[in-house]
Amino acid sequence: MLKYCLKRLLLAVVTMLVVTAITFFAMNAVPGGPFDSEKAPSPEVMAVLNERYNLDKPVGVQFVLYLQNLLHGDFGVSIKTGRNISTIISDSFRVSARLGWKAIVTATLLGLLLGCVAARYNNHWPDRVIIFFTSLMVSVPSFVVASLLMLVFCLQLKWVPAWTADNSSLILPVAALSVFPMANIIRFTKTSMLDALNQNYIRTARAKGLPEWVVIFKHAFKNAAIPVITYVGPMIAGVLTGSVVIETVFTIGGLGSQFVSGIANRDYTLIMGTTIFMAAVIITITFISDILYKLVDPRIKF
């Protein structure tokens, strides 16, 4: 297992380097620059700004200088605002994480519970109702779900505010963000549970007279959890790094909104910083989910 972990760590470093290189060169390949606007500065000021941010150097030299700063933990400063990129990422990720962990818990708990119910009552009305709404949730885009929730609960019923100054009302964003992953967890859970419930050890457990909830949640679920973990790991990473659509609809200034702002303003350092941070989160959580396979099922060989 130690050998496997070392290989994965080496692969993670290579992956981060590839992501950084692709993002950097693709960003510089797009025509235009961060200072191109209707009120562009004078040529003298433009020359000073380009020199300050190393934009006057060849792209290859810029990349090497950026890697050198990155190795020292320096993401640079925002070209547009002058703020430290590390500070921007820290502040915005707190907002995304505050929204994300609630959506993760909601999606995981409800998804596992409804998936087990659907498997237990396979081809009966509870299963048909759950699968109908699951198919509907997977088919409808997230921005449509967010807009409908806002229309019904904010404008029509007026139960919750659409926006607050401190983003304290996260009920609707959490609901909108958890819908799609919850539907997928339900599908994964039902499929793996159906396979587990048809095994001989389940028949033996039922023959011993064990309560049905013990058979499902103690015996069947443990062996059915591995495919679910496969999805939950990347799902957690994706939710934590922020949902661009949800944050935009509900005007939440999270990491996803910062990423979109960086692209819109051609803020090179902000684009690079948010991309590298999100890639690091995804790689780390995917690595942890792989290790959890071994803890859930010791029979797995790396």
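1. Arg266 is buried, with a relative accessible area of 16%. The cut-off for that label is under 20%. This is a predicted model, so read each value below as computed from predicted coordinates. The backbone at Arg266 also deserves a look: phi is positive, about 55°, although the residue is not a glycine. Arg266 sits in the loop between helix H11 (255-264) and helix H12 (268-296).

2. Asn123 is the other positive-phi case to check. Its phi is about 65°, and Asn123 is not a glycine either. The residue lies in the loop between H4 and H5. Is Asn123 buried or exposed? It is exposed, at 52% relative accessible area. The threshold for exposed is over 50%. Arg266, by contrast, is buried at 16%.

3. H4 covers residues 85-120 and H5 covers residues 125-139. Their axes are 7 Å apart, and the packing angle is about 135°. H4 is therefore oblique to H5. H4 passes H5 in a left-handed crossing.

4. Which residues make the H4 and H5 contact? From H4 come Leu114, Val117 and Ala118. From H5 come Pro126, Asp127 and Ile130. By class, that contact has five nonpolar residues, no polar ones and one charged.

5. The crossing of H5 past H7 is left-handed.

6. On the H5 side of this contact are Asp127, Ile130, Ile131, Thr134, Met137 and Val138. They meet Val179, Phe180, Met182, Ala183, Asn184, Ile186, Arg187 and Lys190 in H7. The class tally is nine nonpolar, two polar and three charged residues.

7. On aromatics, the count comes to seven pairs. One of them is Phe24 with Phe25, edge-to-face, at 5.7 Å centre to centre and 80° between the planes. The label follows because planes over 60 degrees apart count as edge-to-face. Phe24 counts as buried, at 5% relative accessibility. Phe25 counts as partly exposed, at 37%. Ring pairs link Phe24, Phe25, Phe63 and Tyr66 into a cluster.

8. Phe132 and Phe133 form another edge-to-face pair. Their ring centres are 5.3 Å apart, with 80° between the planes. How accessible is Phe132? Its relative accessibility is 52%, so Phe132 counts as exposed. Phe133 is at 44% and counts as partly exposed.

Note on methods
Residues are numbered from 1 along each chain as its sequence is written. This is a predicted model: local features need pLDDT of at least 70, side-chain atom pairs count only at pLDDT 80 or more; totals for chains, interfaces and linings use all residues. Side-chain values use heavy atoms; hydrogens and water are left out. Axes are lines fitted to C-alpha atoms, for helices over the stretch in contact, and angles run from 0 to 180 degrees between N-to-C directions. Helices (H or I, at least four residues) and strands (E, at least two) are DSSP runs, numbered from the N terminus. Angles under 35 degrees count as roughly parallel, over 145 as roughly antiparallel, 65 to 115 as roughly perpendicular and the rest as oblique. A crossing is left-handed if the near helix is turned anticlockwise from the far one by less than a right angle, and right-handed if clockwise. Contact means heavy atoms within 4.5 Å. Ala, Val, Leu, Ile, Met, Phe, Trp, Tyr, Cys and Pro count as nonpolar, Asp, Glu, Lys and Arg as charged, and the others, Gly among them, as polar. Rings of Phe, Tyr and Trp (its six-membered ring) pair if their centres lie within 6.5 Å; planes under 30 degrees apart count as stacked, over 60 as edge-to-face and the rest as tilted. Buried means under 20% relative accessible area, exposed over 50%, partly exposed in between (1.4 Å probe, protein chains only).
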